Amino acid sequence: MKRDLLGRRLVVTGAARGIGEKVARLAAARGARVTLIGLEPDRLRNVADDLGPAASWREADVRDGTALRSAIDEAAEIMGGIDLVVANAGVVAYGTVRQTDEASFERVLDINLNGVFRTLKYATPHLERSRGHALVVASALSFMPLASMASYGASKAATELLALTYRQEVAHLGVTVGLVHPSWIETDLVRGAEVDLPSFQGLRRRLPYPGNATTSPERAAAAIVDGLVRRRSRVYVPRAVVVTNWAKAALNSPLVWPWARRFAARAVPSLEREVAALGRHDQLTPGSSAHDAETRSP
């Protein structure tokens, strides 16, 4: 195992499970001191215990600026500073624009977008002192609209622009900023959607590559940790997602619209029926309620 993060001090949000947990474990194995932030204290404690004295944890909701700021400041105090941040916490909601309720839509944006804003804001003083690096977990859906994923796609597209703007704002401070764009990752978020909405798996299969590919959280974590080591400005998981970024103008052009319309016409009715039958828009995750579930970005 490489030790190329030896002595580096890392904060990971959404670290109780999924991508966040895997990033914390791999970074610690490569020498980093790690503070895990999330909503599931038992899991956070168990992961930190597994990682040994180089790890600590704090319970905080990225929707609560006061709690998040305290958690980040305490992490800096425990570790003697912060060199690296992975803003990973994120959720998904079900339903089309006409179907989903306002509270679910707003919750996704508050966690996926405002949560990243709060994380960057309160980590900035510490990153300035260390001339550190922040990685923001966005999505392949930052570039590509997908019917029935409006709240998630809107949050991730906005998160990309937030991170790019923040990159400009802190460059003179010596802070660098990168974006992570995963496609579907085999986490609770994707597995939960497939259980809740049987049509979701078929929708993913009909997408062109890499939209139809599923990647392990271990592979995603390896790409993210390598991105931390090299202070990368972009991390794509799988790497072919870069084509989606390059081709986003074409994907949203009149040329592709006939295909997109046929694709959506086939997918949307069944997804709307399944969401209606499900009786909720928020995704439930292990150990969480519908309104307090915290899951990881795909």
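Biologist: How many aromatic pairs does the structure hold?

Modeller: This is a predicted model. Rings pair if their centres lie within 6.5 Å. The number of aromatic pairs in the structure is 2.

Biologist: What is the geometry of the pair formed by the rings of Trp184 and Phe200?

Modeller: The ring centres of Trp184 and Phe200 are 5.3 Å apart. Planes over 60 degrees apart count as edge-to-face. The planes here stand at 90°, so the pair is edge-to-face.

Biologist: How many residues apart in sequence are the parts that Trp184 and Phe200 tie together?

Modeller: Trp184 belongs to strand E8 (residues 184-185). Phe200 belongs to helix H7 (residues 198-206). The pair therefore ties together parts separated in sequence by 16 residues.

Biologist: Is Thr244 buried or exposed?

Modeller: Thr244 sits in helix H9 (residues 241-246). Beyond its neighbours within four places in sequence, Thr244 is in contact with residues including Phe143, Met144 and Leu251. Buried means under 20% relative accessible area. Thr244 has 11% relative accessibility, so it counts as buried.

Biologist: Which element gives the most to the largest nonpolar core?

Modeller: That core has 33 residues, and Val11, Ile37 and Leu127 are among those that touch the most other members. Several elements each supply at least two residues, including helix H3 (65-79), strand E4 (84-87) and helix H4 (102-130). With 7 residues, the element that gives the most is H4.

Notes. Residues are numbered from 1 along each chain as its sequence is written. This is a predicted model: local features need pLDDT of at least 70, side-chain atom pairs count only at pLDDT 80 or more; totals for chains, interfaces and linings use all residues. Side-chain values use heavy atoms; hydrogens and water are left out. Rings of Phe, Tyr and Trp (its six-membered ring) pair if their centres lie within 6.5 Å; planes under 30 degrees apart count as stacked, over 60 as edge-to-face and the rest as tilted. Helices (H or I, at least four residues) and strands (E, at least two) are DSSP runs, numbered from the N terminus. Buried means under 20% relative accessible area, exposed over 50%, partly exposed in between (1.4 Å probe, protein chains only). Contact means heavy atoms within 4.5 Å. A nonpolar core is a set of buried Ala, Val, Leu, Ile, Met, Phe, Trp, Tyr and Cys residues joined through side-chain atoms within 4.5 Å.
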